[in-house]
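Open the model in your viewer and keep the sequence beside it.

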Amino acid sequence: MESRSWLCPTELDRARVTEASPRVRRAREIAAGACGLALVASGHWLGWWTLGLFAIAVANLATLDWRFSRADHPERVAAGSLLLHTALFAIGVALSGGPRSPALPWLVIPVGMAATRFRAPVVWAYAGLTGAVAVAVSAGVGPTSLAEDPALLMVTLSLLVGLAAITSALTGAELIHRDAAVLDPLTGLLNRTGLEARVAELEEQAGLTGDWVCFVACDLDDFKAVNDTHGHQRGDAVLRAVAYELRKALRSFELIYRIGGEEFLIVLPGTSPPEGREIAERLRQTLGESSPGGVELTMSVGLSAAQGAEVEHHGLFRSAD
């Protein structure tokens, strides 16, 4: 079950997407409120039909966290939401004057929101798409007006590039800091520090939705014998191979952490105990059949689960361990 994607190619990218909901929620509420107030204040000039587009945007935002928590690929849900908002802004621009629409600069807003979840290449790709949309809408609706006065489009495109550059720099600095803080240098998996941030988000989310959360603790059996027989360098290679096999068998929102030498923890949001048992057994069988690093290994697993307000990091971890 391959979980890698261009949107989230690494554990750090995947964690950033899944852990961003609280801060993103606040930012998008402020952005939506500002846009709503502007539409109401300018309804006499723009037309009250703009509130219909705004209502669609609000409905999307209101259900986003719910859809996000239940998706096999939450990064696709986040990307789809951004594309929807770009489409709504583009429709509004087209219906309110094209290259002369006062809403044209609003096309850059989703690009700023993209930077709260995604890495710099994704932000730049989305900025390029947004720029193409701005040019297409302006040229398609009012080619003559655009030729006579392209100033507003030029300002919008420069604002777009500036925003992408600034947010990408901030994202890069954040990822460098998080990389050192939350990634295990040997396997590239998240560590205990990364686990704490993710579980805090899941506790809040489960309290709101009543969803299940499962922990699967994994311990490689007799791993000391691998180091004693083959040496520590081979043992490190085996651990990297184990991390790869486990990650490959999980979906993108199911995060795996290395919490000790040969100990791993998998966090399964929105997963009931029977589903968690199936996943734990699949992981155990996968490792037993794969011979990671050319060494035959077995793995013991422990499962714990809680629902809603009962989701609590330390209790779940102790039970699984």
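Select residues 192-209. This is helix α10, with 18 residues. From first C-alpha to last, α10 reaches 25 Å, close to the 26 Å expected at 1.5 Å a residue (that is, 1.5 Å times one less than the number of residues). Helices here are DSSP runs of H or I with at least four residues, and strands are runs of E with at least two, numbered from the N terminus.

Before moving on, note that this is a predicted model: local features need pLDDT of at least 70, side-chain atom pairs count only at pLDDT 80 or more, and totals for chains, interfaces and linings use all residues. Residues are numbered from 1 along each chain as its sequence is written, and side-chain values use heavy atoms, without hydrogens and water.

Now colour the buried residues of α10: Gly-194, Leu-195, Arg-198, Val-199, Glu-201, Leu-202, Gln-205 and Ala-206. They lie on the same side of α10, because their arc around the axis is only 165 degrees. The arc is taken from the directions from the helix axis to the C-beta atoms. Buried means under 20% relative accessible area (1.4 Å probe, protein chains only).

Step past the end of α10. Gly-210 follows, with a positive phi near 75 degrees.

Zoom out to the whole chain. Its secondary structure comes to 14 helices and four strands. The C-alpha trace spans about 80 × 40 × 30 Å along its principal axes. Of the 321 residues in the chain, 50% are buried.
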